[in-house]
Amino acid sequence: MAVDLLKSLLDFLISQRELFDDYETKANEKTDTQYSDENQRVRKRKRHHNDGPAKEVVLRGKEKLKVDTYLPVLDMLCTELSRRLEAYREINDLFGFLTDFSTKSDAEIRQACTKFNEHYFEDIEPEFIDEMVQYKYFILQLEDTGKKIVPAEESYKLIIGNMAQSTFPNVMTALQIYRSLMITNATGERNFSKMKLIKNCLRSTMSQNRLNSLAT
């Protein structure tokens with residue numbers, strides 16, 4: 001679910017790259033302000049002998065806002081979301097079978113369990129593969145009796161409640177690993193906390209470049 005939500009958000013942000021004109025129009029409807037540099041004199045840079053014949057490109061007003069602010073902000077958001085999405089995908093690829101194993105075939109469960117066993121070979125025994133297949137049918141039997149099971153969240157309590165720890169010891173271990181995962185999005189919050197310590201009232205004139213260097 002989290003992977004799908006992040007992917008949809010990333011696709012949405014990518015689609016916004018071509019909608020700058022729409023956002024500018026909406027902004028102009030709410031304010032009468034104009035771009036401050038539209039009436040400013042264009043500064044000519046001194047050209048050197050090795051600059052070549054190409055003319056210097058000077059962005060002003062609308063184009064400057066789009067190139068210097070709008071697109072960089074969107075690109076940064078997309079980059080960070082892509083990085084975060086990749087992390088969630090890795091977790092989902094490794095632990096996803098614990099949430100939907102009742103809908104998978106035996107071969108798919110064995111394949112997923114083999115990958116999981118290779119990753120946690122020090123904690124999970126090879127018997128985990130057969131245990132997981134048996135656990136699937138155990139869950140399906142309970143569902144047939146009218147009990148609604150949420151595998152990822154309730155499986156651990158279900159095994160204990162049915163005193164099946166000795167039957168599914170490796171499934172218990174896998175669920176313990178899954179339930180103790182520390183999936184966090186604290187990177188951005190950590191940067192802001194550090195920035196608050198660095199840029200205080202005594203350092204209010206610190207430049208953005210120096211602040212970025214200290215915060216990373």
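Buried means under 20% relative accessible area, exposed means over 50%, and partly exposed lies in between, using a 1.4 Å probe and protein chains only. Keep that scale at hand for the tour.

The model is predicted: local features need pLDDT of at least 70, side-chain atom pairs count only at pLDDT 80 or more, and totals for chains, interfaces and linings use all residues. Residues are numbered from 1 along each chain as its sequence is written, and side-chain values use heavy atoms, with hydrogens and water left out.

**Stop 1: salt bridges**

Select Asp-106 and Lys-136. Their side chains meet in a salt bridge at 3.2 Å, N to O. The term means a side-chain nitrogen of Lys or Arg within 4 Å of a carboxyl oxygen of Asp or Glu. Asp-106 lies in helix H5 (residues 106-119) and Lys-136 in helix H6, so the pair ties together parts 30 residues apart in sequence. Helices here are DSSP runs (H or I, at least four residues), numbered from the N terminus.

Lys-136 is buried, at 8%.

Now select Asp-130 and Arg-110. This salt bridge spans 2.8 Å, N to O. Asp-130 sits in helix H6 and Arg-110 in helix H5, so parts 20 residues apart in sequence are tied together.

Next, pick Arg-17 and Asp-75. Their side chains form a salt bridge at 2.3 Å, N to O. Arg-17 is in the loop between H1 and helix H2 (20-30), Asp-75 is in helix H3 (residues 61-95), and 58 residues separate them. The count of salt bridges comes to six.

**Stop 2: aromatic rings**

The structure holds 13 aromatic pairs. Rings of Phe, Tyr and Trp (its six-membered ring) pair if their centres lie within 6.5 Å; planes under 30 degrees apart are stacked, over 60 edge-to-face, and the rest tilted.

Select Tyr-135 and Phe-168. The ring centres are 5.1 Å apart and the planes stand at 70 degrees, so the pair is edge-to-face. Tyr-135 lies in helix H6 (residues 128-144), and Phe-168 in the loop between helix H7 (151-161) and helix H8 (169-179). Both Tyr-135 and Phe-168 are buried.

Then select Phe-95, Phe-97, Phe-116, Tyr-120, Phe-128 and Tyr-178. Ring pairs link them into a cluster.

**Stop 3: cysteines**

How many disulfides are there? A search of the whole structure finds zero. A disulfide would be a pair of cysteine sulfur atoms within 2.5 Å. Select Cys-113: it is buried, at 0% relative accessibility. Cys-78 is also buried, at 11%.

Terms used
Helix = DSSP H or I, 4+ residues; strand = E, 2+ residues; numbered from the N terminus.
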